[in-house]
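Please keep the sequence and the structure in view while reading.

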Amino acid sequence: MTDQGKRYPLDRWIKAKIGDFPGEDLNVSRLREYQIGKIRDTIFYAKANSGFYRELLQQVHADEIRDWSDLSRIPFTGGEDILDHPQRLVCVNQNQIHRIVTLNTSGTTGQNKRIFFTEEDQELTADYFHHGMETIVGPGDRVLILMPGARPGSVGDLLLTGLSRFHCRGIPYGFVDDYDRVLQLIFEQKITGIVGIPTQVYQLARLKEYRYPDRKTAMKSILLSADYSAPSLVKAIKNAFHCAVFDHYGMTEMGLGGGLECDVCRGYHLREADLYFEIIDPETKEVLPDGCVGEIVFTTLTRKGMPLIRYRTGDLSRFLDQPCTCGTRLKTLQKISGRLSQRQPFHHQVLTINMLDDVLFNYPRLLDYEAVLTEEGQKDFLTISAQFPDQGREEDLDYLHSMLMDAKIFAQFTFAGQKVFSANANGKRKIRDLRG
Ligand SMILES: [Zn+2]
């Protein structure tokens, strides 16, 4: 028992999944034993079924992986492997593949990442969505899904399946294309929960405050996923809808789900029965001790279609070493502090879109923005195209300018008009770098 006598519901789910002995709390050493056993199984399975892994893991023998120091001898995989020859990582026959997700990458090669899932893999995700969402909403709730869901096996479709398993009604919509229409839906259908990407839910919140400041909603909980959610943005959403806001960390490569915040909101409690996480130094590639910031690396423990072994995510974070007051025994990852690929040098500092979000989303009249880096005669310029609920006023731009100045970031601002900044296929935003 923890001091608070509380137990986090996902601990129970993971305990059942790993076949832990009956008892009060999730046994962490039993979980680690389970994970190392699954890593051995995954290496054995991947070498037996994939040409790519047979080559990559030539020097690695599954039965020699006995403790965590042995793990550090296993080579990494990364996005480039999925770009170059995704089929070679697949471990099943093509007819067992239930879904292939194509991810647009920012590279100029025109190649896309493709991730392959079997029906069994998809079921693992639906099961995680079921138990994860059950910590946020309950039976009888009406959850608006602002994620793509038209195709069977898509994120929205799997959420719908997960929600239906505890008699919660999912209402699929897709990425927001018409903010006013979605606001009307929230009012008229008495929506009590939302799953959406941070900037789109933020914009709904700001527009609700602007157009319908006194109109009440039935909202109880909102889950943000797929991109960074700045504290300023979360605060705006909480204030507009008077509800709890949770953050989820995941990526398609992980099988969509990776970790979820509890109501203490200190970081993501990880999906440890299906994934093993490490933090490495991106330069030396050494595994870092808990508490140090580095690149997140994960290994899939239960995937059949396309297992990923020591996959480098490019995301930066650290494990929190203090226990969470919700009582979980699961590892907790701090909110993602950035992505390696989005750290752009600018005026002798490193600039990320997260840094801009942290500051700019504090301004109540800002709905969304786009940031572009350009170069003119050896000088770098940051231009921010900002969107407001109306055409915008000069003082809006002055205000945003001074907010960034206070954060020692120098930018020029323009009005974006009313265009909808479209989310890309995986919902992630970045600063557009047009410098040569
Ligand atoms: Zn917690």
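Arg435 is buried, with a relative accessible area of 15%; in this report, buried means under 20% relative accessible area, exposed over 50%, and partly exposed in between (1.4 Å probe, protein chains only). The structure is a predicted model, in which local features need pLDDT of at least 70 and side-chain atom pairs count only at pLDDT 80 or more, while totals for chains, interfaces and linings use all residues. Residues are numbered from 1 along each chain as its sequence is written, and side-chain values use heavy atoms, with hydrogens and water left out.

**Salt bridges**

Arg435 takes part in a salt bridge with Asp380, the closest N and O atoms being 2.8 Å apart. A salt bridge is a side-chain nitrogen of Lys or Arg within 4 Å of a carboxyl oxygen of Asp or Glu. Asp380 belongs to strand β18, whereas Arg435 lies in the segment after β20 (432-433), so this pair links distant parts of the chain, 55 residues apart. Helices (H or I, at least four residues) and strands (E, at least two) are DSSP runs, numbered from the N terminus.

How many salt bridges does a search of the whole structure find? The search finds 22. Three of these pairs are set out below.

| Pair | N to O distance |
|---|---|
| Glu278 and Arg310 | 2.8 Å |
| Arg365 and Asp390 | 2.8 Å |
| Asp380 and Arg435 | 2.8 Å |

The side chains of Glu278 and Arg310 meet in a salt bridge. Glu278 lies in strand β10 (residues 275-280) and Arg310 in the loop between β11 (294-300) and β12 (311-317), so the pair ties together parts that are 32 residues apart in sequence. Both partners are buried: Glu278 has a relative accessible area of 4%, and Arg310 has 1% relative accessibility.

Arg365 forms a salt bridge with Asp390. The pair links distant parts of the chain, with Arg365 in the loop between α11 (353-360) and β17 (368-376) and Asp390 in the loop between β18 (379-387) and α12 (394-406), 25 residues apart. Arg365 is buried at 13% relative accessible area, and Asp390 is buried at 19%.

**The protein as a whole**

The protein has twelve helices and 20 strands. Why does its radius of gyration agree with that of a compact globule? With 436 residues, such a globule would have a radius of gyration near 22 Å, and the protein has 22 Å. The radius is taken over C-alpha atoms, and the globule rule is 2.2 Å times the number of residues to the power 0.38. Along its principal axes, the C-alpha trace spans about 65 × 55 × 45 Å. Of the 436 residues, 56% count as buried. Residues 24 or more positions apart account for 65% of the contacts with a separation of 6 or more, where contact means heavy atoms within 4.5 Å.

**Two individual residues**

Is Ser229 buried or exposed? Ser229 is buried, with a relative accessible area of 1%. Ser229 is located in the loop between β6 (221-224) and α10 (231-241). Not counting residues up to four places away in sequence, Ser229 touches Pro198, Leu224, Val234, Asp247 and Lys335.

Lys47 lies in helix α2 (residues 28-49) and counts as buried at 18% relative accessibility. Lys47 and Gln58 are eleven residues apart in sequence and 8.3 Å apart in space, C-alpha to C-alpha. Beyond residues up to four places away in sequence, Lys47 touches Tyr53, Arg54, Leu57, Gln58, Val60 and His61.
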